[in-house]
Amino acid sequence: MRICLKICCISSRAEAELAIRTGASALGLVSAMPSGPGVISEERISDLAARTPVGVAAVLLTSLGGADDLIAQQRRCRADVLQLCEVVPHDDLKRLRDALPGTRLMHVVHVEGDDSITEAEAVAPLVDALLLDTGARSGSVRELGGTGRTHDWAISARIVAATDRPTFLAGGLHAGNVGEAIATVRPYGIDVCSGVRANGTLDRERLKCFTAAVDAAGGQS
């Protein structure tokens, strides 16, 4: 089975079209964040989500953490998937299910240590997918994604083995290391932002090289 490829930080119709032509099966659309690249307005997110073709998922990255705010944001943006970058209480996840029955939920786990495995095991039954990323929810500047840094893939591999949800791997991936990452973690999907960009813009050649590396690694897994 081909590894699912999510291209994040999509900022325009041109970038969306390039990502789709190069094989992306999901587009990451970043709403307001405390830090990190790729933030665009909700109006643009709504436009890009509406134009995303059948078979490609429009993924809304959000830093909101409460059910009421998340429901309202999703009703404005109308994405296929909510990528929950902040910790969302389990009761609120259940409320999201009830209020947004057609929306898939992807919860981010910022991989730091064994506590990340416990977090992933607890939240997995309440969501449709997990995304394992590098970041920190505490500190003077909260990092909810887009750091461009890798983390301990051995811990991510343990999360994949311990849960039954499709799991995406993110964090500092590029054409030179994604093959090793896939071999180590064996994820359902790969998420990339900075590794396919040049001067902040989605780069055709980097994207082609990255996609080729993902396909080669997927064929050997």
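How many helices and strands are there in the protein, and which residues of helix α2 are buried?

A: This is a predicted model. The protein has eight helices and ten strands. Its radius of gyration is 16 Å, close to the 17 Å from the globule rule for 221 residues, so the protein is as compact as a globular protein of that length. Along the principal axes, the C-alpha atoms fill a box of roughly 40 × 40 × 35 Å. Of the 221 residues, 53% count as buried.

Now to helix α2. This helix covers residues 42-51. Its buried residues are Ile-45, Leu-48 and Ala-49. They span an arc of only 100° around the axis, which puts them on the same side of α2. An α-helix has 3.6 residues a turn, so residues three or four places apart point the same way.

The face away from the buried side carries Glu-43, Ala-50 and Arg-51, which are exposed. Ala-49 is buried, whereas Ala-50 is exposed.

Step back to the whole protein. Among contacts with a separation of 6 or more, 58% are between residues 24 or more positions apart. The accessible surface comes to about 9,700 Å², and 48% of that surface belongs to carbon and sulfur atoms.

Methods. Residues are numbered from 1 along each chain as its sequence is written. This is a predicted model: local features need pLDDT of at least 70, side-chain atom pairs count only at pLDDT 80 or more; totals for chains, interfaces and linings use all residues. Side-chain values use heavy atoms; hydrogens and water are left out. Helices (H or I, at least four residues) and strands (E, at least two) are DSSP runs, numbered from the N terminus. The radius of gyration is taken over C-alpha atoms; the globule rule is 2.2 Å times the number of residues to the power 0.38. Buried means under 20% relative accessible area, exposed over 50%, partly exposed in between (1.4 Å probe, protein chains only). Contact means heavy atoms within 4.5 Å. Accessible areas come from the Shrake-Rupley method with a 1.4 Å probe; for residues, only the protein chains shown count as cover. The arc is that of the directions from the helix axis to the C-beta atoms.
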